[in-house]
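Here is a short briefing for a first look at this model.

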Number of protein chains: 2
Amino acid sequence: MSKHRIINLLRNGQPEEEVTIQGWVRTKRESKKFAFMEVNDGSSLANLQVILEPELENYKIILSQINTGASVEVTGILAESPGKGQRIELHATAVTVYGEADPETYPLQKKRHSFEFLRTLGHIRTRTNTLGAVMRIRNTCANAVHQFFQQQGFLWVHTPIITTNDCEGAGELFNVTRFNLKDVPKENGEVDYSQDFFGRQAYLTVSGQLEAEAMALTFDRVYTFGPTFRAENSNTSRHLAEFWMIEPEMAFCDLQGDMDLAEAFLKHIFKAVLDQCPEDMEFFNQRIDDSVLTTANNIINQEFERITYTRAIELLENAPKTFEYSVEWGIDLQSEHERYLCEEYFQKPVIVTDYPSAIKAFYMRLNDDEKTVGAMDVLAPKIGEIIGGSQREERFDILEKRIKEAGMTPEQLWWYLDLRRYGTVPHAGFGLGFERLIQFMTGMGNIRDVIPFPRTPENAEF
Amino acid sequence: MSKHRIINLLRNGQPEEEVTIQGWVRTKRESKKFAFMEVNDGSSLANLQVILEPELENYKIILSQINTGASVEVTGILAESPGKGQRIELHATAVTVYGEADPETYPLQKKRHSFEFLRTLGHIRTRTNTLGAVMRIRNTCANAVHQFFQQQGFLWVHTPIITTNDCEGAGELFNVTRFNLKDVPKENGEVDYSQDFFGRQAYLTVSGQLEAEAMALTFDRVYTFGPTFRAENSNTSRHLAEFWMIEPEMAFCDLQGDMDLAEAFLKHIFKAVLDQCPEDMEFFNQRIDDSVLTTANNIINQEFERITYTRAIELLENAPKTFEYSVEWGIDLQSEHERYLCEEYFQKPVIVTDYPSAIKAFYMRLNDDEKTVGAMDVLAPKIGEIIGGSQREERFDILEKRIKEAGMTPEQLWWYLDLRRYGTVPHAGFGLGFERLIQFMTGMGNIRDVIPFPRTPENAEF
């Protein structure tokens, strides 16, 4: 017996075909003459409708067992469906119930549940339509990420999770330790990290960029795709303590090339999802956010606008509206500013470049004006910044100076400086938070609902 | 100017073609009439030979700059190479040197370096032949992993890195904390984890299996591919504190299906690497371990032997040799036993099944004999266990009992038990350490040399 996935039957199944499916019951309806059940195997949003007739062996027993959540194997004959809403249905000739689900206690009954409630059921919430669709889109996106880069000769590099660097200098780091916290060894009142597993203080990484740069200076083009961490006490709909990040890095590349890659990347991912998950995307457009399809097509079909930060400030100063945060050259753009630019002024994605050096990280390349750096942020309608990148400072002396200005020492980053000492080249890259991309794509309001098991302050269940 | 990757020129470049390459100088040789340099851009093991003639603009200056490690862009005309060892060479018409590398201080001069020494140069060691080849094979393997599963409808699921479970119960866990270790909050002499970021004690995961099971019970087929951690104080050539693991999980699947998947998986990965990285594999066979190609072909072409643990013990008891660790039913197989079975007795990969329950994890399915569990280990020549998997215990009562016997409480694993309460199904999966696979494939002696930035006791540099 080889089994069929429901998505394939719904798309290509032919009447008269004998097939076997395995999955979980979503609903059951009984009439006098026969019964229906809807079965889902996770391969698609839509269920397969199964018809059970009284001639079926153990009909009565089976009917009592196939409540919502039960697991079944059904063999039967496909037939055109006379009902609305499906092309095809399955007339069961044999049904096996593997595991029941007591209707008195199974939490996912047919009624609608809040996403908040579902978060307490992280182990089974993907059995609902919305969370199931999210996870399929997540997989399709992830796969499209790899395809995009692999086709262009990028190497996937696994940069370290446990690190002794603080790349962003933000200090929002989780400690990683083998110490018994009840009794941390000390020397003259200070923690004696020399006794810890790594012989020094270690953290969870906030970015693989610095190590990816090292790899790009051998392999020309690399990308990371792995978990990163922020120990930020932010209980918002946009923050996770643990999230996945994608960071491409290219040698012999400047800011133009970086922007080109970012734009091509987003177009590729959105196109892949529209092509491969049309039903799921339609569902989000109908049930979650009716601008989702428009936004996706917008990303795919429109050339992104590219403007400098200085020009962006001019546009904001001349905007026919008042912002909560006032605008002047030197400020960090706020969400309201970013949204004005892409939603109102340009009405499409906008790449803002050449930000003031004072508000950007030490590794970004200093422009000739010595006031701005070769940074770029991709701003998208409805969401704001979706990608942040830059050309990296490849000149040894300037980088060393910037490291010191940022309050670090050249000794801490000796190896990163070495990359500028031996065979340095112009290089550039960007970072993109994978969960924000999924949020953007699906319109899901809370980032906790686009990752299987979210980690946030006070929450590491499952 | 669009640039060419060296691997494409070496494979398909035609004489008379004008091309531009970018990369790093590996060697330079000068003669009276002209100079050669070998350039590598990370896309292949082999370098492209570049001929520089005195007519070239700034010939003398360029010659003084193109020492080993310097970064260059070369435009020129391809020509058939009269020399040995390459089909094609590049006659330079323009050379730009981006970054020099002082021959007095650049550590990677032409002479051979020990792998141990190279580990101190993690940021540039991939610029050597061996480490470069390792990372290309690593990328090809990683990509083949995704292809294998995606083609069969498996979803890539991102299980959590920060966790409050200890899946293996082994206790070799890193703590994750936001506490200032100098002053950990206590309550009645015990650490007050309620004040920590997650409100409870948190660790780095040792396996995503339990969460993957939850996802498989929605999506039927899923896999993880992500970092996992062991805080084991093992300074061996086979242990890392941080490594990547692949864990597929299938619903409606028993031990047979699990073995079939494991065998098909290994065959697919080895075939992909032989097809896509022939030069790199040839290099490992010549320089590192001359059995590497034989082993790969062995994996691809031979049907794996499948025997029970009980049969394996019989074979070992009757072996015409003495083992260091004596053999009797109930022991955990030692490396010498595993190697005897696959290297001497069967001379091919062997899958051993149905191990004593006492030596296996609580989640493995109890067989009807109540002494063994539906476990399987795939043993490979030269390396021993490469994959470990099992059918999972899907019966609520038995699982609950096994959890208690393992010294845990059903409350700790309430959600994992829930999966057996609501719509349980037979399911199975396995785990494979990605770095051990790469070691196996390349013959590299030390696992620290098959991951970009290894983490081991006393070592988290870069």
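Lys182(A) is partly exposed, with a relative accessible area of 36%; that class lies between buried (under 20% relative accessible area) and exposed (over 50%), using a 1.4 Å probe and protein chains only. Its side chain meets that of Glu190(B) in a salt bridge, 3.0 Å from N to O. A salt bridge here is a side-chain nitrogen of Lys or Arg within 4 Å of a carboxyl oxygen of Asp or Glu.

This is a predicted model, where local features need pLDDT of at least 70, side-chain atom pairs count only at pLDDT 80 or more, and totals for chains, interfaces and linings use all residues. Residues are numbered from 1 along each chain as its sequence is written, chains are lettered from A and ligands numbered from 1 in the order in which they are written, and side-chain values use heavy atoms, leaving out hydrogens and water.

- The Lys182(A) and Glu190(B) pair crosses between chains.
- Lys182(A) sits in the loop between strand 8 (175–177) and strand 9 (186–187) of chain A, and Glu190(B) in strand 10 (residues 190–191) of chain B. Helices (H or I, at least four residues) and strands (E, at least two) are DSSP runs, numbered from the N terminus.
- Glu190(B) is partly exposed too, at 45%.

**Within chain A**
- Over all chains, the structure holds 54 salt bridges.
- Asp449(A) pairs with Arg125(A), their closest N and O atoms being 3.1 Å apart.
- These two residues are 324 residues apart and link distant parts of the chain.
- Asp449(A) is buried at 1% relative accessibility, and Arg125(A) is buried with a relative accessible area of 1%.
- Arg311(A) and Glu314(A) form a salt bridge of 3.4 Å, N to O.
- They are 3 residues apart in helix 9 (residues 309–317) of chain A, so about one helical turn separates them.
- Arg311(A) is partly exposed at 37%, and Glu314(A) is partly exposed at 38%.
- Salt bridges with shared partners join Asp260(A), Glu263(A), Lys267(A) and Arg306(A) into one network.

**The second largest pocket**
- This pocket holds about 1,400 Å³ of space. A pocket is an open set of points on a 1 Å grid over the protein atoms alone, where a 1.4 Å probe fits, with protein on both sides within 12 Å along at least five of seven lines; lining residues have an atom within 4 Å of a point.
- Its lining has 47 residues, and among the closest to its centre are Arg230(B) and Glu385(B).
- Strand 17 of chain B gives the most to the lining, with 8 residues.

Conventions: Grid points are joined across faces, edges and corners, and a volume is the space filled by probe spheres set on the points.
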